[in-house]
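Hello,

Here is the structure I said I would pass on. My notes on the fold follow below it.

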Amino acid sequence: MVARLVIAAPSSGAGKTTVATGLMAAFAGRGLAVSPHKVGPDYIDPGYHALATGRPGRNLDAYMCGTGLIAPLFLHGSRGCDLAVVEGVMGLYDGAADQGELASTAQVAKLLKAPVVLVVDASSQSRSVAALVHGFASWDPEVRIGGVILNKVASDRHEHLLREALGESGVPVLGVLRRAPAVATPSRHLGLVPVAERQAQAVEAVAAQAEQVLAGCDMEALLALARSAPTLDAMPWVAEVGERLHAGGSVVPSRSALRNDCPPRPVVAVAGGAAFTFSYAEHTELLRAAGAEVVTFDPLRDERLPEGTSGLVIGGGFPEMYGEQLSANEPLRKAVAELAASGAPVAAECAGLLYLARSLDGHPMCGVLDADARMSERLTLGYRDAVAVSDSVLAPAGARMRGHEFHRTVIEPGAGPLAAWGLRQPERRVEGFVQGGVHASYVHTHWAGSPEVAARFVEHCA
């Protein structure tokens with residue numbers, strides 16, 4: 001049994017990340033082993049969660065991984081912990097567009113049988129807060145709202161009015177937080193600035209968030225609420241790769257989970273550093289389980305790929321913020337281009353796609369793809385139902401995966417002669433590039449939902 005809380009809110013901007021991260025850091029500071037989780041595909045918040053707890057921040061995405069994997073992934077991440085804190089996404093009942101409750105915080109809370117703490121931005125209301133909380137608490141009887149944390153409270157008088165109103169709602173107030181500039185985290189075009197780009201300031205902000213939570217929240221009541229969660233009837237997820245039936249009827253061959261007995265292990269280089277911060281912890285675990293030796297490198301600093309690299313994974317991030325520096329590292333750009341030209345497997349998502357392009361905002365990139373990328377005013381955001389258009393190092397043609405797009409850049413052309421994915425929503429289109437051993441696309445995927453992807457990639461590396 002893992003004690004657990006889901007931190008939710010009526011809408012985005014209420015302070016979920018501040019409260020969730022502050023709670024994680026505060027409980028960890030009391031000596032508890034805290035497991036951090038984030039609902040949805042967000043990559044940035046888990047970086048702050050990891051800073052607060054000293055453990056990898058993990059995502060729980062019911063759209064990309066399926067509802068059946070939420071509890072197993074949760075138990076995998078929280079193994080050996082005293083407490084798990086799950087930060088929600090958007091508003092409590094907001095999920096995938098036109099999919100009902102799918103991928104919502106409410107659905108994940110139900111799948112985890114976890115009590116919910118509702119963070120309410122009280123800055124522009126007093127008695128109306130009771131109606132708001134009552135509505136959220138009664139909307140779905142399967143969602144258990146165990147308490148409220150009032151955020152951005154202006155004064156003692158304001159707090160008194162809020163508490164008086166909520167006294168009639170039946171939902172206890174577990175915390176009251178004043179406005180505190182020190183806990184704020186700067187944002188830009190895709191949300192919060194990642195930890196890797198502001199390490200020292202991020203440490204200070206997380207410490208301030210913990211202090212604010214300790215001063216304003218009833219920690220014992222919150223811990224008691226977390227411990228009231230029942231046992232989950234599920235087994236922890238394991239990074240194993242087995243048979244999986246594709247929509248087209250073909251079966252991916254079964255693959256042993258651990259191939260340590262099959263030396264040499266192929267070296268898979270994974271891009272990291274400040275420009276490439278978007279990754280799921282399970283991807284590395286699956287690559288290792290499929291038999292790879294995973295080595296991280298930083299395209300901003302390293303002039304060579306890791307010794308013996310036979311495959312390359314370049315995930316998401318913010319290359320648009322580091323275009324000049326990435327371009328200046330000409331030796332590494334040349335090494336990446338040579339690796340791709342050799343036919344070695346290269347998997348690139350979003351930021352990786354931009355890095356492989358000929359140019360990004362006029363700065364020369366690796367030139368693997370005959371395409372140019374640039375910043376855009378338009379935000380592209382949403383879940384994607386994808387079908388592999390071409391055979392690649394990640395999937396055979398016809399394989400189906402679910403993914404997510406999140407960027408303010410465009411690449412022209414948007415697809416190569418051999419496209420990566422055919423997308424069915426929000427409009428039908430093909431996108432991405434399959435070129436030799438290269439698979440490059442804007443679509444982020446979560447391999448825990450399709451573990452055969454890692455096996456296929458490592459197979460090609462070997």
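**Sheet and packed helices**

Strand 1 (residues 3-8) pairs with strand 4 (residues 83-87) in the parallel sense, over 5 bridges. Within strand 4, the residue opposite L5 is V85. Please keep in mind that this is a predicted model.

Helix 5 (residues 105-112) packs on the sheet, where it touches strand 1, strand 2 (34-39), strand 3, strand 4 and strand 5 (116-121). The direction of helix 5 makes about 170° with that of strand 1.

The sheet as a whole is open and has 7 strands in the order 3-2-4-1-5-6-7, with parallel pairing. Strand 3 (58-60) and strand 7 (173-178) each have a single partner strand and stand at the edges, so one side of each is left without a neighbour in the sheet. On average, neighbouring strands of this sheet are turned by 25° against each other, direction ignored.

At strand 7 there is also a helix: helix 7 (residues 156-166) lies across strand 6 (145-153) and strand 7. Helix 7 runs at about 155° to strand 7.

**Helix 10**

Which residues of helix 10 (residues 281-289) are buried? They are E282, H283, L286, L287 and A289. Seen down the axis of helix 10, these buried residues fall within an arc of 160°, so they line one face of the helix. Just after helix 10, G291 takes a positive phi of about 115°.

Regards

Methods
Residues are numbered from 1 along each chain as its sequence is written. This is a predicted model: local features need pLDDT of at least 70, side-chain atom pairs count only at pLDDT 80 or more; totals for chains, interfaces and linings use all residues. Side-chain values use heavy atoms; hydrogens and water are left out. Buried means under 20% relative accessible area, exposed over 50%, partly exposed in between (1.4 Å probe, protein chains only). Helices (H or I, at least four residues) and strands (E, at least two) are DSSP runs, numbered from the N terminus. The arc is that of the directions from the helix axis to the C-beta atoms. Two strands pair if DSSP finds at least two bridges between them. Axes are lines fitted to C-alpha atoms, for helices over the stretch in contact, and angles run from 0 to 180 degrees between N-to-C directions. Contact means heavy atoms within 4.5 Å.
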